[in-house]
Amino acid sequence: MKRILLASTSTVYGGTYLSYLQDELIDFFTGIDEILFVPYARPSGITHDEYTQIAQQFFNRVGKRIVGLHTFADPKKAIRQAKAIFTGGGNTFVLVNQLYGLEVMDVLREAVENGTLYMGTSAGSNIAGQTMQTTNDMPIVYPPSFKTLGLVPFNINPHYLDPDPKSKHKGETRETRIKEFHVFNDTPVIGLREGSWLRMEDEKVSLKGDLTARIFLKGQEPYESTEILL
């Protein structure tokens with residue numbers, strides 16, 4: 001049974017790292033003492049050690065130990081033995097490139113399919129989708145493939161922003177970019193706003209938080225929903 005938690009962001013405005021998810025994470029990781037942390041997205045270019053320390057500072061508050069995947073000589077074995085995995089946000093291109101470079105994309109998929117708990121924020125949520133093609137990130141490295149874990153039957157656009165009618169910027173909106181994606185792709189896209197997250201138990205996906213999600217289907221007008229029925 002797949003058990004997955006995918007958050008739009010790690011930090012909401014005015015909060016601290018993962019604080020808005022604290023109650024949810026206590027419940028999600030019930031019975032888990034140690035979480036394998038995937039630090040490869042490297043937000044702002046920080047080191048793997050620095051990123052792991054940030055995650056550990058939060059999880060100290062809820063009695064969980066964090067171990068960085070980068071510290072293992074055999075990352076495939078570490079993933080297979082983990083009971084829970086958390087992939088942090090940052091740059092999705094960097095994250096996907098590293099997962100392919102270590103040849104662990106398939107190993108990670110198989111582990112979650114077989115019951116290992118999986119949590120992602122931002123880029124870590126992006127890779128749970130069918131592809132990483134709806135990321136907001138700059139392509140600073142070139143991964144071998146845009147195909148990702150495919151744990152859910154859709155793609156995610158984290159940090160989804162609605163058009164600001166007062167803005168003087170006339171460039172592409174998120175909605176415009178997702179419509180461009182659907183010219184060439186059929187995969188549904190979930191626009192996940194800040195402070196929102198998805199929780200999957202087996203094949204049922206629930207939207208959590210106080211906001212609706214923006215649902216994009218090829219050939220249809222996008223719509224708002226409190227349910228994920230795809």
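Which side chain meets that of Asp186 in a salt bridge? In this predicted model, the partner is Lys218, with N and O 3.1 Å apart. Asp186 counts as exposed because its relative accessibility is 59%, while Lys218, at 38%, is partly exposed.

The strands named here lead to a sheet. Strands of a sheet pair through backbone hydrogen bonds, either parallel or antiparallel. Four strands form an open sheet with mixed pairing, in the order β6-β7-β10-β11. β6 (155-157) and β11 (223-225) are at the edges and have a single partner strand each, so one side of each lacks a neighbour in the sheet. From one strand to the next, the twist averages 30 degrees. β6 and β7 (residues 189-191) run parallel and are joined by three bridges; Asn157 has Gly191 in β7 as its bridge partner. Helix α7 (residues 174-184) packs on this sheet, where it touches β6, β7 and β10 (213-216), and its direction makes about 30 degrees with that of β10.

Arg214 pairs with Glu175, and their closest N and O atoms are 3.1 Å apart. Arg214 is in strand β10 and Glu175 in helix α7, 39 residues apart. Both Arg214 and Glu175 are buried.

Attention now turns to strand β5 (residues 117-121). Five of its five residues are buried, so β5 is largely enclosed by the rest of the structure. In a regular strand the side chains alternate between the two faces of the sheet. In β5, Leu117, Met119 and Thr121 point one way, and Tyr118 and Gly120 point the other way. Strand β1 (residues 3-7) pairs with β5 in the parallel sense over four bridges, and Ala7 has Thr121 as its bridge partner. β4 likewise pairs with β5 in the parallel sense over four bridges, with Ile85 opposite Tyr118.

Helix α4 (residues 92-101) also has buried residues, namely Thr92, Phe93, Val94, Leu95, Val96 and Leu99. Their cover includes β2 (34-38), β4 (84-87), α5 (105-113) and α6 (123-126). At the start of α4, a side-chain oxygen of Asn91 comes to within 2.9 Å of the backbone nitrogen of Phe93. After α4 comes Glu103, which has a positive phi, near 60 degrees.

In soluble globular proteins, nonpolar side chains tend to be buried together. The largest nonpolar core here has 41 residues, of which Ile79, Tyr118, Leu198 and Ile228 touch the most other members. Elements that each supply at least two residues of this core include β1, α4 and β10, and α5 gives the most, with five residues. Beyond its neighbours within four places in sequence, Leu198 has contacts that include Ile4, Phe154, Val205 and Ile228. A second, separate core of 24 residues includes Leu21, Phe29, Ala55 and Ala84.

Finally, the count of salt bridges comes to 16. One of them joins the side chains of Glu113 and Lys2 (3.9 Å, N to O). Glu113 is in helix α5 and Lys2 in the segment before β1, 111 residues apart. Glu113 is partly exposed at 36% relative accessibility, whereas Lys2 is buried at 6%. Salt bridges that share partners also join Arg3, Glu24, Asp27, Arg199, Glu201 and Lys208 into one network.

Conventions. Residues are numbered from 1 along each chain as its sequence is written. This is a predicted model: local features need pLDDT of at least 70, side-chain atom pairs count only at pLDDT 80 or more; totals for chains, interfaces and linings use all residues. Side-chain values use heavy atoms; hydrogens and water are left out. Buried means under 20% relative accessible area, exposed over 50%, partly exposed in between (1.4 Å probe, protein chains only). Contact means heavy atoms within 4.5 Å. A polar contact is a pair of N or O atoms within 3.5 Å; within protein, one must be able to donate a hydrogen and the other to accept it, and residues adjacent in sequence count only if both atoms are side-chain atoms. Two strands pair if DSSP finds at least two bridges between them. Axes are lines fitted to C-alpha atoms, for helices over the stretch in contact, and angles run from 0 to 180 degrees between N-to-C directions. A nonpolar core is a set of buried Ala, Val, Leu, Ile, Met, Phe, Trp, Tyr and Cys residues joined through side-chain atoms within 4.5 Å. A salt bridge is a side-chain nitrogen of Lys or Arg within 4 Å of a carboxyl oxygen of Asp or Glu.
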